[in-house]
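This briefing describes a predicted model, grouped by topic. Please view the sequence and structure below before reading the points that follow.

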Amino acid sequence: MTMKVLVLGSAAGGGFPQWNCNCSNSSEARKNPQRAKPRTQSSIAVSVDNGKNWFLFNASPDLRQQINDNVALQPKTGIRHSPILGVFITNGDIDHIAGLLNLRESHPLSIYATKKVLNILNSNTVFNVLNPDFVERREVSLNQTILLKDKNKNSTGIEVEVFPVPGKIALFLEDKNKGNNFGTDEEDTIGLKIIDKKTEKFFYYLPACAEITEDLKNRLKRAPMVFFDGTLWKNDEMLTANVGVKKTGQRMGHMSMAGDNGTIEIFKNLDVKKKIFIHINTTNPALLEDSIERKKINKEGWEVSYDGMEINL
Ligand code: MLT
Ligand code: MN
């Protein structure tokens, strides 16, 4: 049996096109979707039982659309049913948590996150629309390998190794009084090694990462597959695109694809078999099917994920 990975959403926060954005990329996505394929906000689904059950990794605000777009995630038996067993959250930003609200009411689910991210859910009572009698929140610790279970504590067959990656506290929790990291700590952004317990096949999922440390390099070396933060092509891209956001990629907690310290360059020595960018921002020229940047990405052995992309491991 293979492990199935389904990309539900490949865009960064805001999606592609973004609702209030009329930059050349966003407007092209509206006018010429063949050249600039629209994308929903970042999330993947994983199945280790031939597509019968799925576990979500992040819950995008576009989850309702993603379920409608992917038959695999739709009800299969009885009057009320979902093949979605739960959600694992890798950071507290809107693009990764707001979709939980689509899963409201009385459906059994298990939600996994660090204590820091669970605190966001626990301190916003709106998330109680996921009826606590049916939905269990489970805390994960850093550097732990955990077997994911459904609400009734049955194994899903998916194991996850949790590790901290350089990143940033959720945008809406930034505290200027806490210095230049705005109160970020290790639990704000995590990377995951997602493992099929039976076959021991695995891949890495890092939709946000501000820097590849030596530790991270060693971890990712020779991995069969890595999904990696593809937010920006260049660190100052948001500034030069004049979209009104005066922030660099680093300020937002994201590495860039290009440049000497960019993701493409650093991965050159890591011998990763399949390299896939995810969480791609509306300003990134890699979103255009015919851009020079896309060609360069592909030439360097990277793929740019798209909604509905399916991989069997
Ligand atoms: C990010 O990844 O930087 C965030 O999704 C930004 C946001 O929430 O708008
Ligand atoms: Mn994001």
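The points below cover the metal site, the ligand pocket, the backbone and selected side chains.

The model is predicted, so local features need pLDDT of at least 70 and side-chain atom pairs count only at pLDDT 80 or more, whereas totals for chains, interfaces and linings use all residues. Residues are numbered from 1 along each chain as its sequence is written, chains are lettered from A and ligands numbered from 1 in the order in which they are written, and side-chain values use heavy atoms, with hydrogens and water left out.

**Metal site**

- D95 (OD) and H279 (NE2) coordinate the manganese ion (ligand 2) at 2.0 to 2.2 Å. Donors are N, O and S atoms within 2.8 Å of the metal (3.2 Å for Na, K and Ca); water is not among the atoms, so sites may look incomplete.
- The pair links distant parts of the chain, 184 residues apart: D95 belongs to helix α3 (residues 94–97), and H279 to the loop between β12 (274–278) and α9 (292–299). Helices (H or I, at least four residues) and strands (E, at least two) are DSSP runs, numbered from the N terminus.
- Both D95 and H279 are buried. Buried means under 20% relative accessible area, exposed over 50%, and partly exposed in between (1.4 Å probe, protein chains only).

- Around ligand 1 are G13, D93, D95, L171, M252, H254 and H279, where a residue is near a molecule if one of its heavy atoms lies within 4 Å of it.
- Oxygen atoms of ligand 1 make polar contacts (pairs of N or O atoms within 3.5 Å) with the side chains of D95 at 3.0 Å, H254 at 2.8 Å and H279 at 3.1 Å.
- Of the 270 Å² of accessible area that ligand 1 has on its own, the protein covers 77%; these areas come from the Shrake-Rupley method with a 1.4 Å probe.
- The space taken by ligand 1 is the largest pocket. On a 1 Å grid over the protein atoms alone, a pocket is an open set of points where a 1.4 Å probe fits, with protein on both sides within 12 Å along at least five of seven lines. A molecule sits in a pocket if more than half of its atoms lie within 2 Å of its grid points.

**Backbone geometry**

- Most residues other than glycine have a negative phi, and most peptide bonds are trans.
- F16 and P17 are joined by a cis peptide bond with omega of about -5°; P17 is in the loop between β1 (4–9) and α1 (24–31).
- K153 has a positive phi near 70° and is placed in the loop between β7 (144–149) and β8 (155–164). K153 is exposed, at 53% relative accessible area.
- H279, which is not a glycine, also has a positive phi, of about 65°. Its relative accessible area is 6%, so H279 counts as buried.

**Buried and exposed side chains**

- F163 lies in strand β8 and is buried, because its relative accessible area is 1%. F163 and S141 are 22 residues apart in sequence and 8.5 Å apart in space, C-alpha to C-alpha.
- Y205, in strand β10 (residues 202–206), is buried at 0% relative accessible area. Its C-alpha atom is separated by 11 Å from that of F88, 117 residues apart along the chain.
- I79 is in the loop between α2 (63–69) and β4 (84–88) and is exposed, with 84% relative accessibility. I79 and P164 are 85 residues apart in sequence and 41 Å apart in space, C-alpha to C-alpha.

Definitions and conventions:
A polar contact is a pair of N or O atoms within 3.5 Å; within protein, one must be able to donate a hydrogen and the other to accept it, and residues adjacent in sequence count only if both atoms are side-chain atoms. On a 1 Å grid over the protein atoms alone, a cavity is a set of points where a 1.4 Å probe fits but cannot get out, and a pocket is an open set with protein on both sides within 12 Å along at least five of seven lines; lining residues have an atom within 4 Å of a point.
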